[in-house]
Amino acid sequence: ADPLMVLNHLYKRTELQRNFAGNLMAVLGEGRMPQQMTLRQALQSFLDFRVECVKRRSAFQLRKAEAKLHIVEGMLQAQGSLDEVIGAIRSANSTAEAQALLTSSAFGLSQLQADAILSMQLRRLTKLERASLIKEEAELSTMVAHLSSLLADKLKVDTLISEELAELRQNYATPRLTEIEHEYEELSDMDLTAQEQVIIVQSAKGFVKRMPLDEFEEQGRGTRGKAGMANLGDG
């Protein structure tokens, strides 16, 4: 069999080659109306979505880090005058009174810092815990600075998106088994017909016979090949 003909039949009759149309319809814009997009517009829309996701995620992480840093700074501040803090808490008749004492000018703690100190175990304010608190404060300060810088610089956001996409490709991508072509030609009947030399023979009565040249050459006496040419008009 002709390999090219076999390949053409596979293209025509199997899923080895497919041609499909993409309908890039999406709801975009402030009006939230459906609109038809080009491939470039679709890719740009995806990138805009990723930028928004990264900014929202970073802003959320920044708020959490700032809140945690605020509490840790309050704990370190209270640790600097631990005896006075414990004395104020013990002298208070209620939680509200203890909060008022801690947020007074004597200690200068915020409401959130005072609430955190009143709800925590006192061992977190001991000297043994000071090193871990200082380390945590440094880590949180670094995170806050990094996230603040990221949100203030679009180039850094784009770089982060590029790095995340590269990581996804490295972790989950598999080698492409197919080829994407820009042009596609529908196979015709001629593409599915083997190209070969043939003999067309017509009898005196108008009958027509087609046979490959090789087969015609190989036929023996008494057939419609070379040996039977003289009798073709009688057929």
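1. Basis. Local features in this predicted model need pLDDT of at least 70 and side-chain atom pairs count only at pLDDT 80 or more, while totals for chains, interfaces and linings use all residues. Residues are numbered from 1 along each chain as its sequence is written, and side-chain values use heavy atoms, with hydrogens and water left out.

2. Helices α2 and α6. Helix α2 (residues 39-80) and helix α6 (residues 130-152) have axes that come within 8 Å and cross at roughly 150 degrees (axes are lines fitted to C-alpha atoms, for helices over the stretch in contact, with angles from 0 to 180 degrees between N-to-C directions; helices are DSSP runs of H or I, at least four residues). That makes α2 roughly antiparallel to α6 (angles over 145 degrees). By class, their contact has 15 nonpolar, 5 polar and 7 charged residues (Asp, Glu, Lys and Arg count as charged; Ala, Val, Leu, Ile, Met, Phe, Trp, Tyr, Cys and Pro as nonpolar; the others, Gly among them, as polar).

3. Helices α3 and α4. The axes of α3 (residues 82-91) and α4 (residues 95-102) also come within 8 Å, crossing at roughly 150 degrees. The two helices are therefore roughly antiparallel to each other.

4. Salt bridges. The count is 5 (a side-chain nitrogen of Lys or Arg within 4 Å of a carboxyl oxygen of Asp or Glu).

Note on methods: Parallel < 35°, antiparallel > 145°, perpendicular 65-115°, else oblique.
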